[in-house]
Amino acid sequence: MQPPFPDILFPVFAAACYAFGVIAVKCASKNKTISGMSLLAMNNLLSGAVFIPQIFFAPALPEISIIWQPLLAGVFCAAGNLATFICAERGEVSLMTPIMGVKILFVLMFSNIMLHAKLPSSIIFAGTMCCAAVFLMGKSKGKPGRQKFRFTVFLALCACASYAVCDVLMQKYAPNFSTRSMIALTTVAMPVSVIPFIPKLISELKKSNAETVAFGAISSIMLVGESFLMFISITGKVGAAMSNILFNTRGIIAIALIYALGAKSMKLRELDGNSALRRALGAIMILTAIFSALYWRQ
């Protein structure tokens, strides 16, 4: 199940998948024929179809008494997905994606609480710098309305906290399971959580044009790929803290894509030159944080 590139690159490729995925969500929902909840249902159903059958290829079935461990992690992942899709549909992607870099601080906090491990000062420094960077990138002269701004920040932080708990739980309990059984059981909550939205999904797909459906399919494929890459990164050699620092490159990628694509499409026009520059400065801070985490060992 392991991709053919070094472990340390898993979160970076996951970041690229995430950036393309949320932009595709935005493009699909702009036509107003398909909602964020339907796009969430598409994503979660595809996740279930890809990952749950992996349990049948696991070397051994896990003990019944500990199955609750990955199932619990999956509940938090499903909650994070819900907040992410609502925010991508109704909020501002170029603001949401950088702000979600705050997730690393939640990971640091929950790691200390649940893993009882003292993190190296390089990781703490990097996490703090990432937090400062995402708030710098979140500011711009062309702010959305106050209500939309608060809505975006609130949902982004809810997603951060939910995903962070999921990540730490996966790292904590992964040694009790094989890779295939862990990812299968963690995914169970995904399709289950969207069962109420399936009728709406079917109805909206019938009303949508081919372009909208294509964007919805692309978003699902990209975000499922992101989930897989982050899973093997968090449960493998990289770990939850480092994975999330490297995953913060999604902010850089999203800003570049939104600025470039926004010049050609009104659907994605969120940034002007000043706000793009400010967010680029924040991106440099994130790169500095990544460098310090990789090479400053204390």
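Here is a short exchange about how some labels in this predicted model are reached.

Me: What makes helix α12 largely enclosed by the rest of the structure?
Reply: Happy to start there. Eight of the eight residues of α12 (residues 240-247) are buried, so the helix is largely enclosed. Among the buried residues are M242, I245 and F247.

Me: Why is the pair Y18 and F247 called edge-to-face?
Reply: The planes stand at 75°, and over 60 degrees counts as edge-to-face. The centres are 5.8 Å apart, within the 6.5 Å limit for a pair. This pair links distant parts of the chain, with Y18 in helix α1 and F247 in helix α12, 229 residues apart. Both residues are buried.

Me: Why is the pair F51 and F228 called stacked?
Reply: The planes are at 20° and the centres 6.3 Å apart, so the pair is stacked; the cut-off for that label is under 30 degrees. Here F51 belongs to helix α2 and F228 to helix α11, 177 residues apart.

Me: What makes R250 count as lying over the face of Y18?
Reply: R250 is 5.0 Å from the ring centre and lies over the face; the distance limit is 6 Å.

Me: Why is C17 called buried, and C158 partly exposed?
Reply: C17 has 16% relative accessibility, and buried means under 20%. C158, at 30%, counts as partly exposed, between the 20% and 50% cut-offs.

Key:
Residues are numbered from 1 along each chain as its sequence is written. This is a predicted model: local features need pLDDT of at least 70, side-chain atom pairs count only at pLDDT 80 or more; totals for chains, interfaces and linings use all residues. Side-chain values use heavy atoms; hydrogens and water are left out. Buried means under 20% relative accessible area, exposed over 50%, partly exposed in between (1.4 Å probe, protein chains only). Helices (H or I, at least four residues) and strands (E, at least two) are DSSP runs, numbered from the N terminus. Rings of Phe, Tyr and Trp (its six-membered ring) pair if their centres lie within 6.5 Å; planes under 30 degrees apart count as stacked, over 60 as edge-to-face and the rest as tilted. A charge sits over a ring if NZ of Lys or CZ of Arg is within 6 Å of the ring centre and within 35 degrees of the ring normal.
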